[in-house]
Amino acid sequence: MTSTIGNMTSTIGTMTSTIGTMTSTIENKRGNEKIKVRSLKSVSIIYVITPTYARLEQKAELTRLSHTLLHVPNIHWIVIEDSPEKTALVQNFLNRTRIHSTHLYVATPSEYKMKRTDPHWLKPRGVLQRNAALDWLRENTAPDDDGVVYFADDDNAYSLQIFEEMRHTTKVSIWPVGLAADLRYERPKVTNGKVTGWYTYRKPNRPFATDMAGFAIHLNLIHRHPEAKFSNTFGAGRQESTFLTFFNLTLDDLEPKANMCTQVLVWHTRTEKSKTPYEELMVKLYGADAYPNIEV
């Protein structure tokens with residue numbers, strides 16, 4: 001019995017030690033949330049560039065994306081509004097997140113702006129906003145900094161695995177994108193570890209027939225090619241390919257990820273546009289003063 005009590009005491013001591021370690025870890029995580037980006041010096045930072053624009057679904061989609069990014073260590077989220085000024089909604093949202101971020105804004109000229117009723121493919125979106133983020137990177141990072149740049153739209157879905165894979169990019173890494181270009185997926189064709197072409201239906205002869213969510217670039221290439229930008233004059237479906245041609249790449253330079261481009265780890269999802277036909281009727285029924293302006 002004495003032996004049993006001794007074993008129990010030993011077991012309780014081990015459990016106490018384990019609980020103490022767990023408590024220490026939890027306290028450490030809580031205390032270091034905001035300095036996590038600066039503490040992981042051995043891990044390449046990922047600069048996540050997200051254009052966004054005002055719409056009913058905006059906050060919901062930014063919230064969903066932020067919950068993914070909260071699980072990714074050592075990132076810097078650059079959020080750029082299509083707006084002539086910073087909006088309170090996005091500013092307050094970013095202040096509440098625990099993600100190291102930069103908030104920028106630039107308005108798209110009216111002739112290039114999409115109407116809510118336009119089909120999604122009619123005009124490119126996020127062109128000037130992505131360029132503003134590239135300018136910020138060139139002004140606020142050094143050419144020899146170790147980092148990776150990724151364009152993550154706020155309405156897509158992302159596996160955590162893709163962030164860990166892109167972190168090891170040396171030039172340009174590339175992978176499949178699900179639900180893209182009216183296909184189940186589009187992807188690079190890979191033979192013996194090298195990209196040899198593109199599995200896509202639309203404009204398959206583009207030099208780099210990939211989706212915006214399907215590649216990442218090392219930061220030093222952004223510095224070495226200051227002319228590399230997007231443009232509203234690029235044809236539909238050619239934003240990505242034309243942008244990548246600025247870097248003087250060949251297919252041999254591309255680094256296939258996602259198990260040699262055989263796995264889908266990113267999905268080009270689109271949120272259904274919300275319809276609110278009863279909003280005006282509610283104001284008529286209850287009056288504007290009785291209808292609170294709640295942020296959605």
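Modeller: Let's start with Thr141, which sits in the loop between α5 (127-140) and β4 (147-151). This is a predicted model, where local features need pLDDT of at least 70 and side-chain atom pairs count only at pLDDT 80 or more. Residues are numbered from 1 along each chain, and side-chain values use heavy atoms, with hydrogens and water left out.

Colleague: Why does Thr141 count as buried?

Modeller: Buried means under 20% relative accessible area, exposed over 50%, and partly exposed in between, using a 1.4 Å probe and protein chains only. Thr141 has 10% relative accessibility, so Thr141 counts as buried.

Colleague: What makes the link between the side chains of Thr141 and His223 a polar contact?

Modeller: A polar contact is a pair of N or O atoms within 3.5 Å; within protein, one must be able to donate a hydrogen and the other to accept it, and residues adjacent in sequence count only if both atoms are side-chain atoms. The side chains of Thr141 and His223 are joined at 2.8 Å, and the Thr141 side chain also reaches the backbone oxygen of Leu137 at 2.5 Å.

Colleague: Where is Glu240?

Modeller: Glu240 is in helix α8 (residues 239-245); helices here are DSSP runs of H or I with at least four residues, strands are E runs of at least two, and both are numbered from the N terminus.

Colleague: Is Glu240 buried or exposed?

Modeller: Buried, because its relative accessible area is 11%. A polar atom of the Glu240 side chain also lies 3.0 Å from the backbone nitrogen of Met212.
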